[in-house]
Amino acid sequence: MNAPADRTAIRNAAANITIVDAARTVIAELGLAGMSLRTVAEQAEMSVGSISYRIGDRAALVTAVIAREIELADAVAKGFLLRLNGIEPVGAGLLPDLVGAWLDLMAGEQRISAIVTCELALLASRIPETVPDVPRLIDRSAAMWREMLKMSPDGDRLADAIHAYCLDERPFSIALGDMADYRLLRQSTIRALLRDPAEAPAPAASQWHMALVDRLAVPSADALDAADIIPQGPKAALADHVADLIVADGVGALSHRAVAQASGMAASSVAHHFPTHRDIVFGGVEAIYRRMRTDIRASNGTAPGSGTIIQLTHESALLANRNPAFLPFAIDMRRRRAENVHVQVAEWIGVPVDGDRARIQAIVVALIGHGLEILARGALAEPFPDMSRHFARIERSS
């Protein structure tokens with residue numbers, strides 16, 4: 001029989017897990033910006049004082065959430081690896097199926113952990129010093145793929161490519177996983193990522209991939225229509241202020257009041273040009289994309305990477321998960337993953353410009369994931385220099 005002190009310790013540990021799991025649920029539903037001691041207390045059905053006593057302040061709670069996610073990630077990875085039952089996945093042709101199943105797992109049974117991890121990675125990409133343990137959490141995925149592929153030819157390279165790819169694909173799998181066309185596009189991209197770099201794609205496979213990209217233009221039409229309208233005058237100036245707010249603090253910082261304060265205009269003027277929160281977000285996002293396109297043209301294709309774009313696309317996918325009004329924009333961002341840079345990427349990897357669009361998209365997705373990891377480690381400010389080195393990292397053959 002346990003001693004009283006042991007029973008007390010067990011109860012305290014259980015209470016702490018209840019608090020941390022309540023915080024994880026709140027983050028999954030409201031985002032990190034919506035997680036406070038009060039919202040967690042409501043979810044856990046405890047008092048704020050009890051949470052402060054047991055865990056500490058909000059920063060301590062975030063640290064506890066990271067530790068909990070690391071623990072859970074280790075358990076999930078162990079269970080996923082058991083499915084192999086000693087089979088070498090590359091030789092058996094299982095790898096594309098395993099990558100797709102992993103992303104489905106993140107969008108389904110492990111949805112809360114997947115969203116929380118995405119939110120934490122975004123926070124780390126902006127202010128890595130506040131969450132120094134996030135890279136340890138990100139490392140869990142890389143370690144799983146390396147363990148899975150340790151007996152495979154060129155296994156480390158494949159593991160790194162899959163890990164980076166999944167970092168970027170994960171929030172879209174969460175938001176768009178119910179869409180058959182998205183899942184088919186994702187699987188086409190995964191197959192292209194894992195194909196031997198020396199192997200040319202079947203023409204019909206490339207045709208299929210681009211047909212899926214075109215099909216997803218239908219549900220993303222609202223976002224495309226918004227992108228076709230370039231604002232002028234005061235609206236254009238407001239859109240630039242919104243873009244600056246997104247770059248500095250993320251989509252979660254946007255409101256009519258925040259834009260009014262940043263622009264020096266009345267909140268009523270902001271509401272006149274951008275009536276809804278969705279209009280504000282779309283206006284700022286398109287302003288950022290116009291800046292990016294200008295930067296790409298000015299750089300002659302040598303520096304298409306941008307930490308702001310990486311953060312923005314992930315935030316948009318997570319926002320769409322919480323608010324269906326943003327689904328068209330998330331769909332559009334995913335379907336156009338390589339559109340702005342596909343010519344430059346084709347030149348870097350030595351393929352005809354329109355000869356292997358699925359592989360180009362796969363590489364861009366992996367590069368974006370790789371860029372997010374770099375930002376989360378605090379190793380590089382945006383824009384990324386010499387992106388071709390990262391293409392070489394993923395493209396290097398054995």
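Leaving aside its neighbours within four places in sequence, Gly34 is in contact with Val26 and Thr39. Gly34 belongs to the loop between α1 and α2. The model discussed here is a predicted one.

Q: What makes Val26 and Thr39 contacts of Gly34?
A: Contact requires heavy atoms within 4.5 Å, and, with neighbours up to four places away left aside, Val26 and Thr39 are the residues in contact with Gly34.

Q: Why is Thr39 called buried?
A: The word is kept for residues under 20% relative accessible area, and Thr39 has 12%, so Thr39 is buried. This residue is found in helix α2.

Q: How far apart are Gly34 and Gly252 in sequence and in space?
A: The two glycines are separated by 218 residues in sequence, while their C-alpha atoms are 9.0 Å apart in space.

Q: Which residues touch the most other members of the largest nonpolar core?
A: They are Met35, Val40, Leu61 and Leu120, in a core of 41 residues. Two or more residues come from each of α1 (4-30), α2 (37-44), α4 (58-82), α6 (111-126), α7 (134-148), α18 (342-349) and α19 (357-376), and α19 gives the most, with seven residues. Val40, when residues up to four places away in sequence are not counted, touches Ile19, Ala22, Ala23, Val26, Met35, Ile51 and Leu61. As a general matter, nonpolar side chains tend to be buried together in soluble globular proteins.

Q: What makes Trp102 and Trp145 an edge-to-face pair?
A: Their centres are 6.2 Å apart and their planes are at 80 degrees, and these values meet the cut-offs of within 6.5 Å for a pair and over 60 degrees for edge-to-face. Trp102 is in helix α5 and Trp145 in helix α7, so this pair ties together parts that are 43 residues apart in sequence. Trp145 is buried, as is Trp102, and ring pairs link Phe80, Trp102 and Trp145 into a cluster.

Q: How do you know that the end-to-end distance of α6 agrees with its number of residues?
A: At 1.5 Å a residue, the 16 residues of α6 should span 22 Å, and the C-alpha atoms at its ends are 23 Å apart, which agrees.

Q: Why is α6 described as largely enclosed by the rest of the structure?
A: Of its 16 residues, 12 are buried, so the description follows from that count. Among the buried residues of α6 are Ser113, Thr117, Glu119, Leu120 and Ser125.

Q: Why is Glu45 called exposed, and why is Asp154 called partly exposed?
A: Glu45 has 73%, so it counts as exposed, whereas Asp154, at 25%, counts as partly exposed. Glu45 sits in the loop between α2 and α3 (48-54), and Asp154 in the loop between α7 and α8 (155-176). Phi of Glu45 is near 55 degrees, a positive value in a residue other than glycine, and Asp154 has a positive phi of about 60 degrees although it is not a glycine.

Q: Where does pLDDT stay under 50?
A: Residues 299-304 are one such stretch, for which the model has 10 contacts beyond four places in sequence, and residues 381-387 are another, with 17 such contacts. Over the protein, the mean pLDDT is 85, and 87% of the residues reach 70 or more.

Key:
Residues are numbered from 1 along each chain as its sequence is written. Side-chain values use heavy atoms; hydrogens and water are left out. A nonpolar core is a set of buried Ala, Val, Leu, Ile, Met, Phe, Trp, Tyr and Cys residues joined through side-chain atoms within 4.5 Å. Buried means under 20% relative accessible area, exposed over 50%, partly exposed in between (1.4 Å probe, protein chains only). Helices (H or I, at least four residues) and strands (E, at least two) are DSSP runs, numbered from the N terminus. Rings of Phe, Tyr and Trp (its six-membered ring) pair if their centres lie within 6.5 Å; planes under 30 degrees apart count as stacked, over 60 as edge-to-face and the rest as tilted. The expected span of a helix is 1.5 Å times one less than its number of residues. pLDDT is the predictor's confidence in each residue, from 0 to 100.
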